[in-house]
Amino acid sequence: MDPRPAHKAGRRIIVGGVVLAIAGIATALALGGGSVLARLRKPPETKAAVTLEFTPAEVVKPAWTTLPVVIDFSGPLVAPRTAIVRAKAAGTLLALDVAEGSRVKAGQPLGAIDLSDLETKVTDRAALVESAQAALAEAERTHQANIGLAAQNFISPTALQTSQARLDAARAQLKSAQAQLTTMRLGMKEAALVAPISGIVGKRHVVPGEKVSAEQPLLTVVDLAVLELAGTVGTHEVSLLRPGQPVAVRVEGEARPVAGRIDRIAPQAEAGTRAIGVVVVLENRDERFRAGQYAQASVRLVDPQQRLTVPATAIGQTSGQDYVWTLEKDALVRRIVITGRADPAGGRVEVVRGLPPETTVLAMRFENLREGAPARVVPQRSAPTASNPASAAARS
(Lines give C-alpha, C1' and ligand atoms only; values in the text may rest on other atoms or scores of the structure.)
Protein backbone atom coordinates (compact mmCIF):
# COMPACT_ATOMS: atom_id res chain seq x y z
CA MET A 1 0.00 0.00 0.00
CA ASP A 2 1.43 3.36 -0.92
CA PRO A 3 1.68 5.75 2.14
CA ARG A 4 2.12 8.94 0.07
CA PRO A 5 -1.59 9.55 -0.57
CA ALA A 6 -2.31 9.49 3.17
CA HIS A 7 0.49 11.95 3.81
CA LYS A 8 -0.84 14.33 1.20
CA ALA A 9 -4.31 14.05 2.70
CA GLY A 10 -2.95 15.15 6.12
CA ARG A 11 -1.30 18.17 4.60
CA ARG A 12 -4.55 19.15 2.90
CA ILE A 13 -6.37 18.95 6.25
CA ILE A 14 -3.82 21.26 7.98
CA VAL A 15 -3.90 23.83 5.21
CA GLY A 16 -7.65 23.81 5.30
CA GLY A 17 -7.64 24.52 9.04
CA VAL A 18 -5.37 27.52 8.62
CA VAL A 19 -7.61 28.91 5.87
CA LEU A 20 -10.66 28.56 8.11
CA ALA A 21 -8.87 30.34 10.98
CA ILE A 22 -7.91 33.28 8.74
CA ALA A 23 -11.45 33.48 7.46
CA GLY A 24 -12.74 33.61 11.03
CA ILE A 25 -10.43 36.48 11.97
CA ALA A 26 -11.43 38.38 8.89
CA THR A 27 -15.10 37.94 9.77
CA ALA A 28 -14.47 39.20 13.31
CA LEU A 29 -12.68 42.26 12.03
CA ALA A 30 -15.49 42.93 9.62
CA LEU A 31 -18.08 42.81 12.39
CA GLY A 32 -16.28 44.61 15.26
CA GLY A 33 -12.73 45.17 14.23
CA GLY A 34 -13.03 48.93 14.28
CA SER A 35 -13.43 49.02 18.04
CA VAL A 36 -10.54 46.57 18.51
CA LEU A 37 -8.18 48.68 16.42
CA ALA A 38 -9.34 51.79 18.17
CA ARG A 39 -8.50 50.24 21.53
CA LEU A 40 -5.09 49.17 20.26
CA ARG A 41 -4.30 52.63 18.85
CA LYS A 42 -5.68 54.62 21.79
CA PRO A 43 -2.83 56.19 23.89
CA PRO A 44 -2.61 55.25 27.60
CA GLU A 45 -4.47 57.47 29.99
CA THR A 46 -2.25 60.00 31.93
CA LYS A 47 -2.90 61.04 35.51
CA ALA A 48 -3.43 64.70 36.26
CA ALA A 49 -0.45 66.44 37.97
CA VAL A 50 -0.88 66.58 41.76
CA THR A 51 -0.49 69.94 43.45
CA LEU A 52 2.00 69.79 46.32
CA GLU A 53 0.84 71.47 49.50
CA PHE A 54 3.07 73.22 52.04
CA THR A 55 2.05 74.73 55.36
CA PRO A 56 3.19 78.21 56.46
CA ALA A 57 5.66 76.57 58.84
CA GLU A 58 7.40 74.95 55.88
CA VAL A 59 8.01 78.12 53.87
CA VAL A 60 9.79 81.33 54.69
CA LYS A 61 10.68 84.70 53.22
CA PRO A 62 14.37 85.75 53.09
CA ALA A 63 15.16 88.08 55.99
CA TRP A 64 17.62 90.94 56.34
CA THR A 65 19.70 90.49 59.48
CA THR A 66 23.24 90.67 60.85
CA LEU A 67 25.39 87.57 60.97
CA PRO A 68 28.08 87.83 63.64
CA VAL A 69 31.31 85.95 62.97
CA VAL A 70 32.14 83.27 65.52
CA ILE A 71 35.71 81.98 65.68
CA ASP A 72 36.07 78.74 67.62
CA PHE A 73 39.24 77.05 68.82
CA SER A 74 39.91 74.53 71.55
CA GLY A 75 42.60 72.94 73.65
CA PRO A 76 43.46 71.82 77.19
CA LEU A 77 43.65 74.21 80.12
CA VAL A 78 47.15 74.75 81.48
CA ALA A 79 48.40 76.44 84.65
CA PRO A 80 51.10 78.96 83.70
CA ARG A 81 52.22 79.30 87.33
CA THR A 82 53.60 75.80 87.80
CA ALA A 83 56.83 75.37 89.79
CA ILE A 84 59.04 72.30 90.05
CA VAL A 85 60.92 71.97 93.35
CA ARG A 86 64.36 70.57 92.59
CA ALA A 87 67.16 69.34 94.81
CA LYS A 88 69.93 71.93 94.88
CA ALA A 89 72.48 69.54 96.31
CA ALA A 90 73.12 65.81 96.22
CA GLY A 91 72.10 63.84 99.27
CA THR A 92 69.61 61.46 100.82
CA LEU A 93 65.99 62.62 101.03
CA LEU A 94 65.22 62.44 104.75
CA ALA A 95 61.59 63.58 104.68
CA LEU A 96 58.86 64.85 102.39
CA ASP A 97 56.11 66.34 104.53
CA VAL A 98 53.43 67.04 101.89
CA ALA A 99 51.31 64.69 99.78
CA GLU A 100 49.79 65.13 96.34
CA GLY A 101 46.81 67.46 96.56
CA SER A 102 48.14 69.25 99.67
CA ARG A 103 47.86 73.02 99.71
CA VAL A 104 51.09 74.88 100.45
CA LYS A 105 52.12 78.50 100.87
CA ALA A 106 55.19 80.23 99.50
CA GLY A 107 58.17 79.64 101.82
CA GLN A 108 56.58 76.69 103.61
CA PRO A 109 59.06 73.85 104.44
CA LEU A 110 58.34 70.76 102.38
CA GLY A 111 60.91 68.27 103.65
CA ALA A 112 64.61 67.77 104.34
CA ILE A 113 67.70 66.42 102.58
CA ASP A 114 70.84 65.10 104.28
CA LEU A 115 73.31 67.89 103.53
CA SER A 116 76.35 66.53 105.43
CA ASP A 117 78.63 66.92 102.43
CA LEU A 118 77.53 70.49 101.87
CA GLU A 119 77.96 71.33 105.57
CA THR A 120 81.49 69.93 105.46
CA LYS A 121 82.29 72.14 102.49
CA VAL A 122 80.94 75.18 104.31
CA THR A 123 83.15 74.42 107.31
CA ASP A 124 86.16 74.02 105.03
CA ARG A 125 85.50 77.36 103.34
CA ALA A 126 85.14 79.04 106.71
CA ALA A 127 88.56 77.70 107.73
CA LEU A 128 90.05 79.05 104.51
CA VAL A 129 88.65 82.47 105.33
CA GLU A 130 90.24 82.41 108.77
CA SER A 131 93.59 81.36 107.27
CA ALA A 132 93.40 84.14 104.69
CA GLN A 133 92.63 86.69 107.41
CA ALA A 134 95.68 85.60 109.38
CA ALA A 135 97.88 85.77 106.29
CA LEU A 136 96.60 89.25 105.52
CA ALA A 137 97.32 90.45 109.03
CA GLU A 138 100.87 89.10 108.80
CA ALA A 139 101.36 90.73 105.38
CA GLU A 140 100.15 94.08 106.72
CA ARG A 141 102.56 94.01 109.68
CA THR A 142 105.48 93.07 107.45
CA HIS A 143 104.66 95.80 104.98
CA GLN A 144 104.41 98.45 107.69
CA ALA A 145 107.82 97.43 108.99
CA ASN A 146 109.31 97.53 105.52
CA ILE A 147 107.95 101.05 105.01
CA GLY A 148 109.97 102.21 108.09
CA LEU A 149 113.07 100.38 106.95
CA ALA A 150 112.83 101.84 103.48
CA ALA A 151 112.55 105.34 104.97
CA GLN A 152 115.89 104.74 106.75
CA ASN A 153 117.37 103.23 103.60
CA PHE A 154 117.81 99.82 105.25
CA ILE A 155 116.01 98.06 102.37
CA SER A 156 115.85 98.80 98.71
CA PRO A 157 112.78 100.20 96.93
CA THR A 158 112.46 96.87 95.14
CA ALA A 159 112.10 95.04 98.45
CA LEU A 160 109.38 97.50 99.50
CA GLN A 161 107.49 96.87 96.24
CA THR A 162 107.72 93.12 96.80
CA SER A 163 106.25 93.60 100.26
CA GLN A 164 103.38 95.62 98.81
CA ALA A 165 102.69 92.90 96.26
CA ARG A 166 102.52 90.26 99.00
CA LEU A 167 100.07 92.43 100.93
CA ASP A 168 97.83 92.80 97.84
CA ALA A 169 97.94 89.05 97.22
CA ALA A 170 96.90 88.36 100.82
CA ARG A 171 93.96 90.71 100.48
CA ALA A 172 92.86 89.05 97.22
CA GLN A 173 93.17 85.61 98.80
CA LEU A 174 90.90 86.70 101.64
CA LYS A 175 88.29 88.05 99.23
CA SER A 176 88.33 84.79 97.28
CA ALA A 177 87.91 82.70 100.42
CA GLN A 178 85.07 84.94 101.63
CA ALA A 179 83.30 84.66 98.22
CA GLN A 180 83.57 80.86 98.31
CA LEU A 181 82.16 80.78 101.82
CA THR A 182 79.25 83.02 100.78
CA THR A 183 78.50 80.73 97.81
CA MET A 184 78.50 77.62 99.98
CA ARG A 185 76.24 79.23 102.57
CA LEU A 186 73.86 80.35 99.78
CA GLY A 187 73.86 76.77 98.49
CA MET A 188 72.94 75.58 101.99
CA LYS A 189 70.06 78.03 102.06
CA GLU A 190 68.79 77.07 98.63
CA ALA A 191 69.12 73.38 99.45
CA ALA A 192 66.35 73.73 102.00
CA LEU A 193 63.11 72.31 100.59
CA VAL A 194 60.58 75.15 100.68
CA ALA A 195 57.59 75.96 98.48
CA PRO A 196 58.54 78.55 95.84
CA ILE A 197 54.89 79.60 95.26
CA SER A 198 51.52 79.13 96.89
CA GLY A 199 49.42 76.42 95.34
CA ILE A 200 48.62 72.73 95.37
CA VAL A 201 51.10 69.87 95.25
CA GLY A 202 50.45 68.31 91.86
CA LYS A 203 52.93 65.43 91.97
CA ARG A 204 55.64 63.88 94.13
CA HIS A 205 58.54 62.61 92.06
CA VAL A 206 60.52 60.90 94.85
CA VAL A 207 59.95 59.23 98.21
CA PRO A 208 61.91 59.61 101.46
CA GLY A 209 65.03 57.49 101.61
CA GLU A 210 66.02 57.98 97.97
CA LYS A 211 69.39 59.31 97.02
CA VAL A 212 68.84 62.46 94.99
CA SER A 213 71.19 64.37 92.75
CA ALA A 214 71.49 68.09 92.15
CA GLU A 215 68.64 69.54 90.03
CA GLN A 216 66.56 66.35 90.32
CA PRO A 217 62.78 67.11 90.43
CA LEU A 218 61.22 66.42 93.81
CA LEU A 219 57.77 68.06 93.76
CA THR A 220 55.49 69.94 91.37
CA VAL A 221 53.43 72.82 92.81
CA VAL A 222 50.55 74.23 90.74
CA ASP A 223 48.80 77.57 91.20
CA LEU A 224 45.27 77.33 89.77
CA ALA A 225 44.29 80.98 90.31
CA VAL A 226 44.84 81.70 86.61
CA LEU A 227 44.51 79.18 83.78
CA GLU A 228 45.30 79.46 80.09
CA LEU A 229 43.81 77.87 77.00
CA ALA A 230 46.29 77.49 74.16
CA GLY A 231 44.59 76.91 70.80
CA THR A 232 45.15 77.65 67.14
CA VAL A 233 43.16 79.52 64.50
CA GLY A 234 43.55 79.66 60.73
CA THR A 235 45.60 82.34 59.06
CA HIS A 236 42.42 83.63 57.37
CA GLU A 237 40.81 84.34 60.75
CA VAL A 238 43.66 85.58 62.93
CA SER A 239 43.45 89.14 61.53
CA LEU A 240 40.03 89.47 63.19
CA LEU A 241 41.45 88.83 66.66
CA ARG A 242 43.10 91.26 69.05
CA PRO A 243 44.65 90.87 72.53
CA GLY A 244 42.10 91.83 75.15
CA GLN A 245 39.03 90.66 73.20
CA PRO A 246 36.42 88.88 75.38
CA VAL A 247 36.08 85.14 74.89
CA ALA A 248 33.37 82.70 75.99
CA VAL A 249 35.07 79.56 77.29
CA ARG A 250 33.09 76.35 77.69
CA VAL A 251 34.92 73.86 79.90
CA GLU A 252 34.04 70.18 79.70
CA GLY A 253 31.61 69.24 82.44
CA GLU A 254 30.25 72.79 82.76
CA ALA A 255 26.82 73.69 81.39
CA ARG A 256 27.50 77.41 81.04
CA PRO A 257 30.47 79.17 79.45
CA VAL A 258 32.72 81.41 81.54
CA ALA A 259 34.35 84.68 80.57
CA GLY A 260 37.94 84.85 79.39
CA ARG A 261 40.06 87.16 77.27
CA ILE A 262 42.70 86.85 74.58
CA ASP A 263 46.08 87.41 76.20
CA ARG A 264 48.50 86.98 73.32
CA ILE A 265 48.72 85.86 69.69
CA ALA A 266 51.71 84.12 68.14
CA PRO A 267 53.68 86.26 65.66
CA GLN A 268 53.86 83.54 63.00
CA ALA A 269 52.18 80.34 61.87
CA GLU A 270 53.40 77.00 63.14
CA ALA A 271 55.83 75.22 60.87
CA GLY A 272 54.13 73.06 58.26
CA THR A 273 50.63 74.37 59.03
CA ARG A 274 48.42 77.39 58.38
CA ALA A 275 47.56 77.70 62.07
CA ILE A 276 48.57 80.47 64.47
CA GLY A 277 48.60 80.04 68.23
CA VAL A 278 46.21 82.04 70.40
CA VAL A 279 46.31 82.05 74.21
CA VAL A 280 43.22 82.83 76.29
CA VAL A 281 43.45 83.72 79.99
CA LEU A 282 40.76 82.43 82.33
CA GLU A 283 40.37 83.63 85.92
CA ASN A 284 39.95 80.71 88.33
CA ARG A 285 40.16 82.22 91.81
CA ASP A 286 37.72 79.67 93.25
CA GLU A 287 39.76 76.83 91.67
CA ARG A 288 36.64 75.36 90.08
CA PHE A 289 38.61 74.20 87.04
CA ARG A 290 41.73 72.06 86.89
CA ALA A 291 44.72 72.03 84.58
CA GLY A 292 44.29 69.46 81.84
CA GLN A 293 40.55 69.92 81.38
CA TYR A 294 39.52 70.32 77.75
CA ALA A 295 37.87 73.62 76.84
CA GLN A 296 36.46 75.35 73.78
CA ALA A 297 36.75 79.09 73.24
CA SER A 298 34.40 81.18 71.07
CA VAL A 299 35.07 84.73 69.97
CA ARG A 300 31.91 86.47 68.72
CA LEU A 301 32.52 89.43 66.40
CA VAL A 302 29.67 91.88 65.71
CA ASP A 303 28.50 92.18 62.09
CA PRO A 304 28.31 95.86 61.02
CA GLN A 305 25.90 95.33 58.09
CA GLN A 306 22.54 93.77 57.23
CA ARG A 307 22.59 90.64 55.07
CA LEU A 308 19.92 88.72 53.14
CA THR A 309 19.61 85.35 54.89
CA VAL A 310 17.60 82.13 54.81
CA PRO A 311 17.51 79.21 57.24
CA ALA A 312 20.44 76.84 56.87
CA THR A 313 17.95 74.00 56.40
CA ALA A 314 16.71 75.63 53.19
CA ILE A 315 20.09 75.29 51.48
CA GLY A 316 20.71 72.16 49.44
CA GLN A 317 23.75 71.19 47.44
CA THR A 318 24.37 69.19 44.30
CA SER A 319 27.48 68.95 42.15
CA GLY A 320 29.17 71.52 44.34
CA GLN A 321 26.43 74.13 43.84
CA ASP A 322 24.13 75.51 46.53
CA TYR A 323 20.45 75.84 45.71
CA VAL A 324 17.04 76.59 47.27
CA TRP A 325 13.51 75.56 46.27
CA THR A 326 11.12 78.46 45.76
CA LEU A 327 7.40 78.80 45.07
CA GLU A 328 6.86 81.08 42.07
CA LYS A 329 3.52 81.37 40.24
CA ASP A 330 2.17 78.27 42.00
CA ALA A 331 5.08 76.12 40.82
CA LEU A 332 8.35 74.82 42.25
CA VAL A 333 11.54 76.47 41.01
CA ARG A 334 15.03 75.42 41.93
CA ARG A 335 17.32 78.45 42.14
CA ILE A 336 21.11 78.19 42.17
CA VAL A 337 22.42 80.62 44.82
CA ILE A 338 25.77 81.95 45.97
CA THR A 339 26.09 81.73 49.76
CA GLY A 340 28.29 83.82 52.02
CA ARG A 341 28.64 84.13 55.76
CA ALA A 342 26.97 81.56 58.03
CA ASP A 343 25.81 81.69 61.64
CA PRO A 344 25.73 78.10 62.97
CA ALA A 345 24.36 79.20 66.33
CA GLY A 346 21.46 81.09 64.76
CA GLY A 347 20.99 78.56 61.97
CA ARG A 348 21.03 81.11 59.13
CA VAL A 349 23.09 81.49 55.96
CA GLU A 350 23.71 84.60 53.86
CA VAL A 351 22.61 84.49 50.23
CA VAL A 352 24.87 86.78 48.23
CA ARG A 353 23.34 86.22 44.78
CA GLY A 354 20.57 84.34 43.05
CA LEU A 355 17.54 84.97 45.28
CA PRO A 356 15.12 87.94 45.13
CA PRO A 357 14.24 89.24 48.62
CA GLU A 358 10.45 88.67 48.28
CA THR A 359 10.62 85.09 47.02
CA THR A 360 8.87 82.34 48.99
CA VAL A 361 11.44 79.69 49.93
CA LEU A 362 10.96 76.18 51.28
CA ALA A 363 12.33 76.40 54.79
CA MET A 364 13.45 72.78 54.96
CA ARG A 365 14.70 70.06 52.68
CA PHE A 366 12.25 67.73 50.89
CA GLU A 367 12.86 64.77 48.69
CA ASN A 368 11.31 63.84 45.34
CA LEU A 369 10.74 67.45 44.33
CA ARG A 370 10.49 68.22 40.63
CA GLU A 371 11.19 71.45 38.79
CA GLY A 372 7.95 73.03 37.62
CA ALA A 373 5.68 70.85 39.75
CA PRO A 374 2.49 72.69 40.83
CA ALA A 375 2.64 73.77 44.49
CA ARG A 376 0.85 76.05 46.87
CA VAL A 377 0.80 77.15 50.49
CA VAL A 378 -2.23 76.02 52.51
CA PRO A 379 -3.21 76.68 56.13
CA GLN A 380 -3.22 72.94 56.81
CA ARG A 381 -2.08 70.15 54.57
CA SER A 382 -4.82 67.74 53.51
CA ALA A 383 -4.35 64.09 54.44
CA PRO A 384 -3.06 61.84 51.62
CA THR A 385 -5.72 59.65 50.03
CA ALA A 386 -5.74 56.73 47.61
CA SER A 387 -6.80 59.05 44.80
CA ASN A 388 -4.28 61.73 45.84
CA PRO A 389 -1.28 59.85 47.26
CA ALA A 390 1.19 62.72 46.70
CA SER A 391 -0.73 65.54 48.28
CA ALA A 392 2.48 66.67 49.96
CA ALA A 393 6.17 66.11 49.48
CA ALA A 394 7.91 63.94 52.01
CA ARG A 395 10.52 65.47 54.25
CA SER A 396 14.02 64.28 53.83
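1. A residue is called buried under 20% relative accessible area, exposed over 50%, and partly exposed in between, with a 1.4 Å probe and protein chains only. By this criterion Phe-54 is buried, at 0% relative accessibility. The model is predicted: local features need pLDDT of at least 70, side-chain atom pairs count only at pLDDT 80 or more, and totals for chains, interfaces and linings use all residues. Residues are numbered from 1 along each chain as its sequence is written, and side-chain values use heavy atoms, with hydrogens and water left out.

2. The structure holds two aromatic pairs; rings of Phe, Tyr and Trp (its six-membered ring) pair if their centres lie within 6.5 Å, and planes under 30 degrees apart count as stacked, over 60 as edge-to-face and the rest as tilted. Phe-54 and Phe-366 form an edge-to-face pair, because their ring planes stand at 75°, with the centres 5.2 Å apart. Phe-54 belongs to strand 1 (residues 52-54) and Phe-366 to the loop between strand 23 (360-362) and strand 24 (375-377), so the pair ties together parts that are 312 residues apart in sequence. Phe-366 is buried, its relative accessible area being 9%.

3. The rings of Tyr-323 and Trp-325 are also edge-to-face, with centres 6.5 Å apart and planes at 85°. Tyr-323 is buried at 17% relative accessible area, and Trp-325 is buried at 13%.

4. Helices (H or I, at least four residues) and strands (E, at least two) are DSSP runs numbered from the N terminus, and two strands pair if DSSP finds at least two bridges between them. An open antiparallel sheet consists of four strands in the order 5-12-10-7. Strand 5 (82-86) and strand 7 (103-104) are at its edges, each with a single partner strand, so one side of each has no neighbour in the sheet. Strand 5 is joined to strand 12 (residues 217-222) by five bridges, and Ala-83 stands opposite Val-221 of strand 12.

5. Eight bridges pair strand 17 with strand 4 (residues 69-78) in the antiparallel sense, and Ala-295 is the bridge partner of Gly-75. Strand 14 (residues 246-251) also runs antiparallel to strand 17, through four bridges; here Val-249 has Ala-297 as its bridge partner.
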